[in-house]
Amino acid sequence: MTPEHAECQRSNLVNHILPYFGKKRLTAIKTGDIEKWILHLKENTSLSDSTINHCLKTLKVMLNEAERLGRIDVAPTRRVANIVEENRKRGILTLQEARELFNENRIEELWDNNIYHFTCNMVAASTGRRQGEILALKNKFVHEQYIEIKHSYGRLSKLKSTKTKDTSDVPIPRKTSFYLQRIKGENPEGYVFALEDDSRPYSGKAATLALYKALKRIGIGEEERKRRNIDFHSWRHFFNTICRARNIPDSKIQSVIGHKTMKMTENYTTFNIDDYMEIVKVQEELFQGE
């Protein structure tokens with residue numbers, strides 16, 4: 001269990017379970033009470049269906065343990081099913097909106113002249129890599145034509161392996177390379193996205209909030225952003241969509257963004273940087289026409 005996972009479970013307990021069940025004895029909690037609680041979360045909070053199910057999972061772990069220890073006869077959650085989650089598709093920006101965000105003449109206006117937030121989002125938009133993998137970039141992993149993705153960085157778990165446990169060399173367009181080289185430090189072991197002490201990167205939340213602020217400044221306010229379901233992870237979907245629209249083979253897209261499927265597992269392919277020329281062409285196109 002990662003520290004992030006433990007913190008999430010703790011948050012579910014403190015914010016959503018204890019406020020509702022805190023004064024009840026374990027033996028007094030019945031199946032109907034849990035179903036009423038789920039309905040309460042659904043109707044009186046802004047939690048997504050997925051988050052509500054995560055809260056239920058946390059409660060199930062607790063009550064199953066109470067049953068194991070003999071504190072209760074049968075965990076009442078055994079007869080409670082997860083709610084059916086609405087399949088809400090994550091939104092992406094249009095190509096024109098992305099180009100507007102990365103207009104070099106508007107860095108001060110849109111990004112408060114913070115070249116780190118600007119570049120962090122640019123790397124995400126032009127590679128589709130996960131935020132933690134971008135924050136884990138060390139100076140020695142940044143090259144003129146590509147970056148080496150070897151780790152991910154979590155606020156609590158710190159440096160760790162990538163989600164898929166794989167490492168890869170990912171091509172970058174000239175504009176992304178220019179700004180990475182601009183903020184890259186001299187210490188090979190230092191983190192690229194470190195505002196002060198290069199021994200650790202800054203928080204992903206800072207890069208996400210900077211994106212939201214920049215979006216608002218190009219006319220995509222909080223209400224529209226939430227309606228369209230756009231967040232930092234949307235860059236991953238954005239890059240994938242742009243590449244597929246340009247008929248880039250799925251195997252190469254998956255290799256670049258680090259997204260595995262069963263098909264990819266069965267037909268594993270390893271590419272060299274020189275094999276990515278059609279992706280580089282798409283990457284360069286992202287920042288044209290500003």
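User: Contact means heavy atoms within 4.5 Å. Leaving aside neighbours within four places in sequence, which residues is Asn53 in contact with?

Analyst: This is a predicted model, where local features need pLDDT of at least 70, side-chain atom pairs count only at pLDDT 80 or more, and totals for chains, interfaces and linings use all residues. Residues are numbered from 1 along each chain as its sequence is written, and side-chain values use heavy atoms, with hydrogens and water left out. Asn53 lies in helix H3 (residues 49-68); helices (H or I, at least four residues) and strands (E, at least two) are DSSP runs, numbered from the N terminus. With those neighbours set aside, Asn53 is in contact with Asn82, Ile83 and Glu85.

User: Is Asn53 buried or exposed, and what is its relative accessible area?

Analyst: Buried means under 20% relative accessible area, exposed over 50%, and partly exposed in between (1.4 Å probe, protein chains only). Asn53 is buried, because its relative accessible area is 7%.

User: How far is the backbone nitrogen of Ile83 from a polar atom of the Asn53 side chain?

Analyst: Ile83 is one of the contact partners of Asn53. The backbone nitrogen of Ile83 and a polar atom of the Asn53 side chain are separated by 3.0 Å.

User: What is the orientation of H1 relative to H2?

Analyst: Axes are lines fitted to C-alpha atoms, for helices over the stretch in contact, and angles run from 0 to 180 degrees between N-to-C directions. The axes of H1 (residues 3-21) and H2 (residues 31-44) come within 11 Å and cross at roughly 130 degrees. Angles under 35 degrees count as roughly parallel, over 145 as roughly antiparallel, 65 to 115 as roughly perpendicular and the rest as oblique. H1 and H2 are therefore oblique.

User: Which residues of H2 meet H1?

Analyst: H1 brings His16, Ile17, Tyr20 and Phe21 to this contact.

User: What elements do the buried residues of H14 pack against?

Analyst: In H14 (residues 277-286), Ile279, Val280, Val282, Gln283, Glu284 and Leu286 are buried. They pack against helices H4 (95-101), H6 (115-127), H8 (174-183), H11 (234-245) and H12 (250-257), and strand E4 (168-171).

User: Which residues does Ile279 touch, leaving aside neighbours within four places in sequence?

Analyst: Ile279 lies in H14. It counts as buried because its relative accessibility is 0%. Arg246 is 33 residues away in sequence and 9.0 Å away in space, C-alpha to C-alpha. The contacts of Ile279 are Pro171, Phe239, Ile248, Lys252, Ile253 and Val256.

User: How many of the residues of H12 are buried?

Analyst: Lys252, Ile253, Gln254, Ser255, Val256 and Ile257 are the buried residues of H12. H12 is largely enclosed by the rest of the structure, because the buried count is six of the eight residues.

User: What share of the residues of the protein chain count as buried?

Analyst: The protein chain has 14 helices and four strands. Its C-alpha atoms fill a box of roughly 65 × 40 × 40 Å along the principal axes. Of its 290 residues, the buried share is 45%.

Terms used:
Polar contact = N/O pair within 3.5 Å; in protein donor to acceptor, adjacent residues only side chain to side chain.
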